[in-house]
Amino acid sequence: MTRDGLSIIDEVESALRIGSPEKGLETARRVTELFLSSAGNFDDEQIALFDDVLERLIGTIELRAIADVAARVALAEISAQLAPVAQAPPSVIRRLANNDEIRIAGPVLQESARLDDSELVKIASAKGEPHLLAVAGRWWLKEIVTDALLARRYPSVSRRLAANPGARVSGKGFAIIVGQAESDPELAVSVGVRVDLPSELRRQLLRSATDAVRTRLLSRAPPHLFEEIQSAIAAVAIGAEREMSAVRHFEGAKRAIAGLKATGQLDEATLLGFARQRRYEETVAALAALSGSTVEVIRPLMQSLREDGLLVPCKAAQLSWETTKALLECRFATGAMKPADIARAQGHFARMTAENAKRTLRFWQVRAS
């Protein structure tokens, strides 16, 4: 521990002993700043020390936060600062995640890698709708967590999970979503274009869907699902029950992209060509290779109706906006994105840094494995 670190530890003891509210808030901010300044260099013992002193400080602040706006703001700031840090003090993260105030719990619920599946399940089972919505927005949720979230039957949570391509959903979970989608057109479209939706549930969804929903499904279907959904709609229309086509495999595309890479022919221009031709498998495999990721990570991002996830590997690969825009539009079999959606995505892309994108992509890679 550095001299500054030891000095602040002494300051913590003093703040706790004196009991001054203002002193406690200021000390908590300083301890957080000290931790963040060198978080990647601390060993487990040092992190545990920070965990202990910061949790004690937060405990005193929580008592004030019931009636003090400044204390709640301070805790929300600390939560937002620690949420993206992989080495964040684990006990502190759990304490923040369980806070009843969503402004405090939200940042770590949405992002912190320190929360394991068992903790997320406990929160999904006990907390209210805002907390569940925050958890549902995390990338790479496992089925044990989505089952717990869907068991609460909040339509807003189902919509967020259906639109989250990194959320793995069990057959039981999909059955809940499809049941809710019968009276929710937005949810029907979001879940209907998911590649992992079981065939029998897709047929069930299409049987109960209105013509307007079926039309929207076709307009938003990614290339690899367009023919499948079109055939299913036709089968439903004539009362026929036919097996849906098998999910596409990527082995051929992987081999082709590996060959291009080996001969030095894989670059951004090649990827742009695949995207403009809407060659889905080659586009996914090429983006995975150029961003240093895998098809298993890129594929659900391409399948999502949200554009923010796909921006991450594009920025990590340091692609131009022209290529990134082509990739965003390649998600759909026909048509183009709305100008407002393109402008919003371009703004997000411009603000994102390559370093943060690479760090996020590495985290997703670990969670997806």
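Let me begin with a convention: Ala, Val, Leu, Ile, Met, Phe, Trp, Tyr, Cys and Pro count as nonpolar, Asp, Glu, Lys and Arg as charged, and the others, Gly among them, as polar. What we have here is a predicted model, in which local features need pLDDT of at least 70 and side-chain atom pairs count only at pLDDT 80 or more, while totals for chains, interfaces and linings use all residues. Residues are numbered from 1 along each chain as its sequence is written, and side-chain values use heavy atoms, with hydrogens and water left out.

Turning to the aromatic rings, a search of the whole structure finds seven pairs, where rings of Phe, Tyr and Trp (its six-membered ring) pair if their centres lie within 6.5 Å, and planes under 30 degrees apart count as stacked, over 60 as edge-to-face and the rest as tilted. In one of them, the centres of Trp321 and Phe349 are 5.7 Å apart and the planes stand at 45 degrees, so this pair is tilted. Both residues count as buried, which means under 20% relative accessible area, with exposed over 50% and partly exposed in between (1.4 Å probe, protein chains only): Trp321 has 18% relative accessibility and Phe349 has 6%. Elsewhere, ring pairs link Phe35, Phe42 and Phe50 into a cluster.

Now, what is the make-up of the lining of the largest pocket? Its residues divide into 15 nonpolar, seven polar and nine charged, where lining residues have an atom within 4 Å of a point on a 1 Å grid over the protein atoms alone, and a pocket is an open set of points where a 1.4 Å probe fits, with protein on both sides within 12 Å along at least five of seven lines.
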